[in-house]
There are 2 protein chains.
Amino acid sequence: MRQKKFMLSEDMIPQKWYNIQADMPVKPMPMLDPQTKKPVTVEDLSGLFCRECSRQELNQTDRWIDIPEEVRQRYANYRCTPLVRAYGLEEALGTPAHIYFKNESVSPIGSHKLNSALAQAYYCKQEGVTNVTTETGAGQWGAALSYAAKVFGLEAAVYQVKISYEQKPYRKSIMQVFGALVTPSPSMSTRAGKDILTRTPNHQGSLGTAISEAVELARMTPGCKYTLGSVMNHVTLHQTVIGLEAEKQMELAGEYPDIVIGCFGGGSNFGGIAFPFMRHNFSGERNTRFIAAEPASCPKLTKGRFEYDFGDEAGYTPLLPMFTLGHDFQPSNIHAGGLRYHGAGTIVSQLLKDGYMDAVDFEQKETFEAGCTFARTEGIIPAPESCHAIAAAIREALECKETGQKKTILFCLSGHGLIDMAAYDQYLAGNIH
Amino acid sequence: MRQKKFMLSEDMIPQKWYNIQADMPVKPMPMLDPQTKKPVTVEDLSGLFCRECSRQELNQTDRWIDIPEEVRQRYANYRCTPLVRAYGLEEALGTPAHIYFKNESVSPIGSHKLNSALAQAYYCKQEGVTNVTTETGAGQWGAALSYAAKVFGLEAAVYQVKISYEQKPYRKSIMQVFGALVTPSPSMSTRAGKDILTRTPNHQGSLGTAISEAVELARMTPGCKYTLGSVMNHVTLHQTVIGLEAEKQMELAGEYPDIVIGCFGGGSNFGGIAFPFMRHNFSGERNTRFIAAEPASCPKLTKGRFEYDFGDEAGYTPLLPMFTLGHDFQPSNIHAGGLRYHGAGTIVSQLLKDGYMDAVDFEQKETFEAGCTFARTEGIIPAPESCHAIAAAIREALECKETGQKKTILFCLSGHGLIDMAAYDQYLAGNIH
C-alpha cells in the first residue's frame, strides 16, 4: 500500500524553534519608537508583550531557541501533525508533480495558531501575568489564545473584527466555551474604538482596528499583556515547528521540496513552514522557491510599498519596516478574514525585498474553486485562508503538467474550514466572483 | 516527557474487521419479513443494500472479514486515529482513574462515520451501483457518505432530519461541498414523507422518518442502493477498526481498560470501540465493563422494550429484534441529533439482554457540562453525541475518586462539535436544563 501520511511520534516534536533572524544575509531594519524615532528596546516592548516574547522579537543572534518543556507537553496534544501526500489532488489535476501538505488543521482548535498561543500564554503565566488581550480576524487566533489562556490559568479578552464576528458566529462560541470574553471590534469599550466609530459609525472592523483596541486594553489594565497571532517575529518563530517537522517528514518521504507555499496574512504560517527550509537556501545547499499566496483584495506583498508604518489603525504600535498598504487601508469583506491585514511582518518584508521569496495574489473565486477541488479529492474542507495556498499549489502543479516537470510541491494547510461553511454556501450559490 | 498520544502508523490499520456475531454466546434473533414473518435472506436484503453488505449483515460464522485494500487505502487518509491519555481531564477531576479516549474526531469529516461510509460506497461501486441514498440526523453520517460517494464516483442523495437541517446548517453545506443532494425530511419528495406531513404538517423529523424516505427513494430508483450509518450489523462491523486499533494502542500504553464507554444512538460507535474488547470477556480472559451512554429523552436501552419492531417510521424495513421505544416514538429536539433514534441494533440488544453490557442515560445539561469540562482541559470541543460518553466517563472517574480505585477508563470520542456550536451557545446562555 502506498504511503499517504508521514508521521512523527511526539518525542520528535522539535526541542528548539528556528530563529531565521540569526541567518538572514540582511537583517530586518529595527522597529522604531514613533515619538523618538529610535529603535525600540526589549524594555520598550515589555510594556506591551511579556518579557520573553519581547526578547525573542529582537533576538538577531541565537539561531535556535529552546522550547519550554511545558509548551512541548501541550504541543503533544496534537503534534507532530501529519505530512500528507495529496494523491487524490494530483490525480484530479493529472499532474506529474508530487504534492504534499502539512496538515495543521488537526490541531484541536483547527489551525496552526495554537503553536504560538501556547508559547505566549506560557511565558505570560511564568512572568506573573494574570490577563491577556488580543485581536482576531476569522477567529482562528482568538480561539487558540482562549484555549491556551485556559490551559495556563489566565483570563482572556478578545477583540474580534466585527465582520468576522457576524460572518462566523461559531468561532465566537468556541472562544466562549474556552471561557474568553469576546467583543466585536470596533467597540465602544476603548478610546480607539470610540474614535473610529465616531468617524465611521458603520465600520466593519479590520485587524488594524482590533489591534488598537486590544493594545489599549492591555496598556490600561494592570497585570495584563497583549498577545498577537501573526506579523511579529516571535510569533513566526514559534510557528517554525511546522517547517522543522515537515523537513524531517519530507526526509521520510524521500523527497525535498522544489516549491514551498503558504497563504499570507501577517506571515506566521508562511514563515512557519518556509523558514526552516529557507536556511538551506541561505547556505547555498538548496534552491527552493518560496511562494506567499495573498488575496488580490489585500495585496500588500504584490502591490504594497516597503516603508515604515504602524501595525494598527490608531497608531499605538511601534513603527515597523514592512510591505504595507497603509495602516488605514480598509480591506473588502472577503471570507478569508485572517488575510485582511494591511502589512507584512518585518522578516518576510526584508526577505521579499531581497529576493529570497515570491508572492502571488488570487481572486476569491479561484481560491474557493481550489478549496472545493481539494475537499472533494482529499476529504478536508480547507479554511478560506488555506484555500489561497491550495490555489497556488494547483497553479504550480498545472504548470508542471504543461511542462512535464515532476516538481515536489509542499504547502501548509493552515486550518480547516468547518466554521466557514457560510462562505462555501456563497461560493456554491455562485455569489463569489 | 509523559506520553500523551499513542499512535500507530498506517500500515497498522487493521486488515480485517471483527465480526462479533461469530463469537456471541447467544446469536441475535433473525430479522423477519413483515409480510411472511420469515427470516430475511441475503437475497431479501440485497434489494435494498448492496450484496456484500447484505452478506455481512447475516454472517454469523466468520469471525474476521477482510477489509478491501482500496478501503484501507482511504482509511489511511486519517487512520490510525490517536489514542489519547486525558491527563488534563484527570487532573481537573482529581481522580486516581486513568482516562483514555480514542479520538475519532480527527477524521476529515469530524467523526467515526467515515469508517463505514467508505466501505459501503466501495462495495456499491464494485457492484455497479451508480446512486446511493441515506438519511442523516446531526449530519455526521450524511457528510461521511457524501464524501465517500465522491471518492468512489457515486451520486449521493441525503435526507436530513428537518430539525437538524435547521439547527446545524453547516453540515448541509459540507454535504453540498462534497456534491450531495440534501433534502430536509419529512419532505414532499416521497410517499412516506407526504403521508407524515399530511398527518403532522409541523413534523420536526426523526431518523425513523428520514430512513423511510431514503429507503423509498432507493427502491424506486434503478441503480440505486440504500446505505445506513448505524444500527445494522454490517455498519457496526466496519466500525470495529476503532476498537481493534485501540486494543493495540492500550498495549502501547501498558494498560487494559476496566471500563469501555461509547455514546449510543444506533450502536455503531459503541459497538466499534466495545466489540473487539468484548471478545476477551466472552473467552473469560477479561472482565471489562461496557457502558452505552444514551440521552434520557430517548432511552431505548434503559427504558425500552425488547421486541420485534420496524427500523423506520413508515414500516418499510424488516422487523428487527431490538430494544425499542416504538417505531413511531417522537424524540424531543435534543442537540445530540445522532442519538435521536427509537431502537438499538440487534447485536447490542441481544448483548444487553444477556447481561454483557450496561446502559446509562443522561440529561442534556449534564452532557454539556461534561463537554465543556473536556473542552477546557483537553482542548477539543466534543460533539453533543460524544458528550454523553464523556459524561459517563466522568461519572465513573468521580466514583473512583470516592472509592480510591485506580480504574482504567476508555471512551470513544466519536466526533468533534465544531459544527454544533449553536448548541453550546444555548448551554452557555443557561437555556439547557
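Where in chain A is Ile380(A) found? The first legend takes up that question; all the views below come from a predicted model.

**View 1. Ile380(A) sits in a loop between two helices of chain A.** The loop in question runs between helix H15 (364-378) and helix H16 (384-403) of chain A. With a relative accessibility of 10%, Ile380(A) counts as buried. Look around Ile380(A) and, leaving out residues up to four places away in sequence, you will find that it touches Phe101(A), Asn103(A), Ser105(A), Phe374(A), Ala375(A), Leu413(A) and His416(A), together with Pro108(B) from the other chain. For His416(A), 36 residues away from Ile380(A) in sequence, the C-alpha to C-alpha separation is 6.9 Å.

**View 2. Ile381(B) belongs to the largest nonpolar core.** This core has 112 residues, and those with the most contacts inside it are Trp17, Tyr75 and Ile381 of chain A along with Trp17, Tyr75 and Ile381 of chain B. Here is a general point to keep in mind: in soluble globular proteins, nonpolar side chains tend to be buried together. Setting aside neighbours within four places in sequence, Ile381(B) reaches Ile174(A), Val177(A) and Phe178(A) in chain A. Within chain B, the contacts of Ile381(B) include Ala375(B), His416(B), Leu418(B), Met421(B) and Tyr424(B).

View 3. Met1(B), Tyr170(B) and Val177(B) supply 19% of what chain B buries against chain A, more than any other three residues. In all, 45 residues from chain B and 46 residues from chain A take part in the contact.

**View 4. Polar and charged pairs also cross the interface between chain B and chain A.** There are 14 residue pairs in polar contact, and the salt bridges between the two chains number two. One of these joins Glu10(A) to Lys5(B), with 3.3 Å between the closest N and O atoms. On the chain B side, helices H3 (69-75), H6 (140-151), H8 (169-177), H15 (364-378) and H17 (421-428) each supply at least two residues that touch chain A. H8(B) makes the largest share, seven residues. Sorted by class, this side of chain B has 22 nonpolar, 10 polar and 13 charged residues.

**View 5. Asn77(B) touches residues of both chains.** You can find Asn77(B) in the loop between H3 and strand E4 (83-85) of chain B. Its relative accessible area is 16%, so Asn77(B) is buried. Not counting residues up to four places away in sequence, Asn77(B) touches Lys4(A), Lys5(A) and Glu378(A), as well as Tyr147(B). With Tyr147(B), the link is a polar contact between the two side chains, at 3.5 Å.

**View 6. Leu45(A) is a buried residue of helix H1 in chain A.** Helix H1 covers residues 42-46, and the relative accessibility of Leu45(A) is 4%. Beyond its neighbours within four places in sequence, Leu45(A) is in contact with Met31(A), Val40(A), Ser54(A), Glu57(A), Leu58(A) and Pro318(A). For orientation, the C-alpha atom of Leu45(A) is 9.9 Å from that of Asp33(A), 12 residues apart along the chain.

**View 7. Glu366(A) and Arg395(A) form a salt bridge.** The N to O distance is 3.1 Å. Glu366(A) comes from helix H15 and Arg395(A) from helix H16 of chain A, so the pair ties together parts that are 29 residues apart in sequence. Both partners are partly exposed: Glu366(A) has 28% relative accessibility and Arg395(A) has 37%. Over all chains, the structure holds 44 salt bridges.

**View 8. In chain B, Lys303(B) and Asp361(B) meet in a salt bridge.** Their N to O distance is 2.8 Å. This pair links distant parts of the chain, 58 residues apart, with Lys303(B) in helix H13 (residues 300-303) and Asp361(B) in strand E14 (residues 358-362). Lys303(B) counts as exposed, at 55% relative accessibility.

**View 9. Arg395(B) and Glu366(B) are also joined by a salt bridge.** The distance from N to O is 3.1 Å. Arg395(B) lies in helix H16 (residues 384-403) and Glu366(B) in helix H15 of chain B. Arg395(B) is partly exposed at 37%, and Glu366(B) is partly exposed at 28%.

Notes:
Residues numbered from 1 in each chain as written. Chains lettered and ligands numbered in written order. Predicted model: local features only at pLDDT ≥ 70, side-chain atom pairs only at ≥ 80, totals over all residues. Heavy atoms only, no water. Core = buried A, V, L, I, M, F, W, Y, C linked by side-chain atoms within 4.5 Å. Buried < 20%, exposed > 50% of the residue type's maximum accessible area, 1.4 Å probe, protein only. Contact = heavy atoms within 4.5 Å. Buried area = accessible area lost by both parts, 1.4 Å probe. Salt bridge = Lys/Arg side-chain N within 4 Å of Asp/Glu carboxyl O. Polar contact = N/O pair within 3.5 Å; in protein donor to acceptor, adjacent residues only side chain to side chain. Helix = DSSP H or I, 4+ residues; strand = E, 2+ residues; numbered from the N terminus. Nonpolar A, V, L, I, M, F, W, Y, C, P; charged D, E, K, R; others polar.
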